[in-house]
Amino acid sequence: MSHTDTTNYDWQDMSDTMRRAYDAIRRTDEALRRRWHLTDDREEMAALSAKRDARYWIIREFDKYPVHQVINAAIKLARPRDWHQLLLEHPHESQGDRSKIAYTQNEIKGQRDIQTVTSVGKYLTRHFDLPDHTIRDLVSRYGSAARFQFVHTTAEMIYHLHRGPASCMVWSNDRGIKCRDGVTRHPYEAYDPKFGWHMAVRIEGDNTMGRALCMTSPQDGVKYFVRSYLRPSNESTYSQTDDGMDTWLKEQGYTKENYWRDDERLAYHEANDHFLAPFLDGGEKNVTIDAGAKALVIDSDGEYTCDQTGGYPTYDEEDENGFECEDCGDNTDEDDGYWIGRGEDTRVCRHCVENSYVYAYGRRGNQYYVHQDNAVYVESNSEHYDEDYLSDNEIVELENGDYEQMEEAIEINGDWYTIDDERICRFEDTDEYGLTEDGWQCEQSCNWYTDDCTDWVEINDVRYHKDYAPSKDDAEDEPDATPQGKPLTMAMLNECSLIEERRDDGYVMFSISLLHNGRRLITRRLISQTTINQTGWDAVREHCRKDISADLIILSNASSPYVLEAI
């Protein structure tokens with residue numbers, strides 16, 4: 001399957017198809033194992049063993065790791081370009097870097113237990129026709145070692161507020177508003193859980209990396225939120241929207257709104273001539289007081305505005321210590337403003353900075369706030385750049401629409417690619433980078449050559465550079481070369497050394513290698529140290545020698561004139 005036509009696409013049918021393919025692979029392996037146990041013919045046993053071992057790496061990967069969650073999520077959105085390839089690559093969470101994907105690139109690497117590690121975004125782009133913004137959402141949601149959860153008490157919400165992303169409501173521990181009852185409170189205590197308030201948090205390791213204040217409305221049970229916060233990689237910049245949090249909340253049945261709805265309630269705590277008031281996110285910030293219910297009621301016509309960061313409401317529109325935000329027009333506390341733009345000559349409120357601006361590198365490498373619509377993001381260094389001054393910061397736009405530092409990119413035919421893009425290579429004959437589609441690869445050396453290079457030979461439909469082409473004369477250079485055409489026997493193999501290689505991962509690699517009839521033959525077995533300790537070294541060596549010898553005899557009868565290998 002090589003197309004991604006989504007007409008009448010049924011993701012459940014695709015998931016069932018791939019599940020049946022998993023089951024078929026297991027049944028095939030089980031059938032080979034049963035035939036091996038039932039036969040008394042040694043040659044048939046050797047053939048069955050070799051056949052099973054050649055593809056057992058697929059079962060091994062299935063059993064060791066579950067498929068990465070992002071793949072299941074992507075399948076629900078679009079048909080894979082080639083689900084057979086996706087199935088065999090078995091993409092899973094990388095054990096070395098849990099924010100990346102590990103997969104089996106081809107059968108040879110599968111037999112050698114070698115996995116390729118890449119970013120979640122790059123892997124999704126290879127297998128799915130999805131819009132860039134959808135891939136970004138999937139990466140943000142699944143491309144990290146984060147866990148998402150809800151907290152439902154005031155103490156927990158304030159705890160994660162203070163240890164998480166910065167915002168106007170993050171106060172020092174000794175700061176608070178002394179209320180009429182003598183209790184000093186944080187403004188967040190107005191978000192009383194009895195009125196439906198709670199918080200979603202993103203936790204990575206021991207750190208709170210993201211949060212979102214949430215509401216389950218007592219009016220009708222509607223679940224929604226207004227904005228999310230993500231801790232930036234650079235602590236000098238302000239918190240950004242947590243796209244992964246947004247996606248996770250939507251999966252939990254929440255919608256993202258522009259403001260808190262009328263008639264939602266907060267706790268009412270009197271404080272001097274005012275009351276305890278948090279800074280309300282979103283476009284609706286007015287409240288009225290329901291003194292009898294000891295509650296503040298969100299009301300678009302309310303007489304008080306919760307738009308200050310000091311813990312009190314706005315009660316005097318002509319407050320001489322305030323200013324008018326040049327973006328939204330709201331009256332804003334003097335201490336709650338930010339100068340933005342290249343000349344830092346425009347003043348906006350904290351809410352507008354949080355929702356519409358990013359701290360970016362711009363003209364001559366200087367940093368300042370620019371509107372998010374005029375900034376680009378470079379994933380490799382987690383920084384934003386003013387799109388009008390990309391050249392000042394040596395940032396280039398890649399062929400796929402992403403952006404990268406020039407030193408990490410290569411220009412080919414007028415387009416830029418990252419240096420680790422699988423579509424590019426370095427050609428040996430020109431010593432220059434180019435696209436793999438404009439050249440060919442030597443089967444033996446894996447070197448790439450341009451289509452203009454004619455120093456190659458083709459053997460059995462496989463192309464080799466002349467410097468690496470196999471030859472029957474190779475056997476004459478080996479002192480232990482066997483006579484041409486002579487069959488391989490157990491007596492010959494008994495004279496070969498069984499090589500033992502102890503590895504750091506707790507396994508021992510046993511192998512036998514020899515040159516026979518001008519061909520290099522090699523077979524390996526990977527045995528865990530635990531199995532060796534339980535069985536004994538001598539027994540394991542004897543068993544491995546017999547199995548490897550049987551494989552080598554089978555390989556020696558194959559028709560290929562090249563190096564043969566079984567693992």
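This is a predicted model: local features need pLDDT of at least 70, side-chain atom pairs count only at pLDDT 80 or more; totals for chains, interfaces and linings use all residues.

Trainee: Where does Leu 138 lie, and which residues does Leu 138 touch?

Mentor: Leu 138 is part of helix 7. Leaving out residues up to four places away in sequence, Leu 138 touches Val 70, Ala 73, Ala 74, Leu 77, Leu 124, Leu 130 and Gly 143. Take Ala 73 from that list: Ala 73 and Leu 138 are 65 residues apart in sequence, and their C-alpha atoms are 7.8 Å apart in space.

Trainee: Let me zoom out. How many helices and strands does the chain have?

Mentor: You'll find 13 helices and 39 strands. Of the 567 residues in the chain, 43% are buried. Among contacts with a separation of 6 or more, 53% join residues 24 or more positions apart.

Trainee: And what should I know about nonpolar side chains?

Mentor: Here's the general idea: in soluble globular proteins, nonpolar side chains tend to be buried together. In this model, the largest nonpolar core has 35 residues. Tyr 188, Trp 197, Trp 260 and Leu 266 are the ones with the most contacts inside it.

Trainee: Which helix and strands each supply at least two residues of this core?

Mentor: They are helix 8 (154–163), strand 7 (197–204), strand 8 (207–216), strand 12 (265–267) and strand 16 (295–298). Strand 7 gives the most to this core, with four residues. For a close-up, click on Leu 266: not counting residues up to four places away in sequence, its contacts include Ala 190, Tyr 191, Phe 195, Trp 197, Pro 278 and Ile 298. Apart from this core lies another one, of 27 residues, with Met 14, Ala 21, Leu 86 and Leu 130 among them.

Trainee: Next, helix pairs. How do the axes of helix 7 and helix 9 cross?

Mentor: To read a pair, look at the distance between the axes and then at the angle. The axes of helix 7 (residues 132–142) and helix 9 (residues 243–251) come within 7 Å and cross at roughly 90 degrees. These two helices are therefore roughly perpendicular to each other. Helix 7 brings Asp 137, Ser 140, Arg 141 and Tyr 142 to the contact, and helix 9 brings Asp 243, Gly 244, Thr 247, Trp 248 and Glu 251. By class, this contact of helix 7 with helix 9 has two nonpolar, three polar and four charged residues.

Trainee: What about helix 2 and helix 13?

Mentor: The axes of helix 2 (residues 42–64) and helix 13 (residues 537–556) come within 9 Å and cross at roughly 90 degrees, so helix 2 and helix 13 are roughly perpendicular to each other. Arg 42, Ala 46, Ala 47 and Ala 50 of helix 2 make the contact with Lys 546, Ala 550, Asp 551 and Ile 554 of helix 13. In this contact of helix 2 with helix 13, five residues are nonpolar, none is polar and three are charged.

Trainee: Last topic: loops. What is the phi of Asp 113 near?

Mentor: Phi of Asp 113 is near 60 degrees, a positive value in a residue other than glycine. Asp 113 sits in the loop between helix 5 (107–111) and strand 3 (116–119), and at 23% relative accessibility Asp 113 counts as partly exposed. Asp 431 also has a positive phi, near 55 degrees. Look for Asp 431 in the loop between strand 30 (424–427) and strand 31 (432–435); Asp 431 is exposed, with a relative accessible area of 52%.

Methods. Residues are numbered from 1 along each chain as its sequence is written. Side-chain values use heavy atoms; hydrogens and water are left out. A nonpolar core is a set of buried Ala, Val, Leu, Ile, Met, Phe, Trp, Tyr and Cys residues joined through side-chain atoms within 4.5 Å. Buried means under 20% relative accessible area, exposed over 50%, partly exposed in between (1.4 Å probe, protein chains only). Contact means heavy atoms within 4.5 Å. Axes are lines fitted to C-alpha atoms, for helices over the stretch in contact, and angles run from 0 to 180 degrees between N-to-C directions. Angles under 35 degrees count as roughly parallel, over 145 as roughly antiparallel, 65 to 115 as roughly perpendicular and the rest as oblique. Ala, Val, Leu, Ile, Met, Phe, Trp, Tyr, Cys and Pro count as nonpolar, Asp, Glu, Lys and Arg as charged, and the others, Gly among them, as polar.
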